[in-house]
Amino acid sequence: MGNYQRNVGNYASHWNGLGMSVQQVARELPSLAVGWNTFFLAISNNLPILADEIKKANAEFKAMRESGIKGIPVWKQLTGAIFNWQTALVIGITLLSVYGKDLVNWISGLGRAKKKS
């Protein structure tokens, strides 16, 4: 019982299309390990969605400002969507994809260091 109550006051739990579209673009970063062309092909489907969400967020912010409600500017929303733990995780995976072989070789070479005289 009570599973279908309204979630009044918990406004952070609503759908954040702008944040989701930024994450969709960020999730394509590991394709850079294959090449730039692959990366551009991968993000090509997500860039129009990102542009639409930026336009939508800007319109919502203007409407809120005109009605006297204080809202979060679009640049702050974008900054928050880019600098978060999900994007950091994707960047880490991208770096491992690109430099993973070098990292493994470096770690394995630590134990095989030779003494120079």
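Is F39 buried or exposed? F39 counts as buried, at 9% relative accessibility. Buried means under 20% relative accessible area, exposed means over 50%, and partly exposed lies in between (1.4 Å probe, protein chains only).

A word on the model comes next. It is predicted, so local features need pLDDT of at least 70 and side-chain atom pairs count only at pLDDT 80 or more, while totals for chains, interfaces and linings use all residues. Residues are numbered from 1 along each chain as its sequence is written, and side-chain values use heavy atoms, with hydrogens and water left out.

Stay with F39. Set aside its neighbours within four places in sequence, and F39 is in contact with E28, L29, S31 and L32. Contact means heavy atoms within 4.5 Å.

Now look at the rings. The whole structure has three aromatic pairs. Rings of Phe, Tyr and Trp (its six-membered ring) pair if their centres lie within 6.5 Å; planes under 30 degrees apart count as stacked, over 60 as edge-to-face and the rest as tilted. W36 and F39 make an edge-to-face pair, with 6.1 Å from centre to centre and 85° between the planes. These two are three residues apart in helix α2, so about one helical turn separates them. W36 is exposed, with a relative accessible area of 57%. The rings of F39 and F40 have centres 5.6 Å apart and planes at 55°, so this pair is tilted. F40 is partly exposed, at 45% relative accessible area. Together, W36, F39 and F40 form one aromatic cluster.

F39 also belongs to the largest nonpolar core. Such a core is a set of buried Ala, Val, Leu, Ile, Met, Phe, Trp, Tyr and Cys residues joined through side-chain atoms within 4.5 Å. Helices are DSSP runs (H or I, at least four residues), numbered from the N terminus.

Finally, take two of these helices. The axes of α3 and α4 come within 9 Å and cross at roughly 135°. That makes α3 oblique to α4. In α3, I54, A57, N58 and F61 meet V74, Q77 and L78 in α4. By class, this contact has five nonpolar, two polar and no charged residues.

Terms used:
Axes fitted to C-alpha atoms, helices over the stretch in contact; angles between N-to-C directions. Parallel < 35°, antiparallel > 145°, perpendicular 65-115°, else oblique. Nonpolar A, V, L, I, M, F, W, Y, C, P; charged D, E, K, R; others polar.
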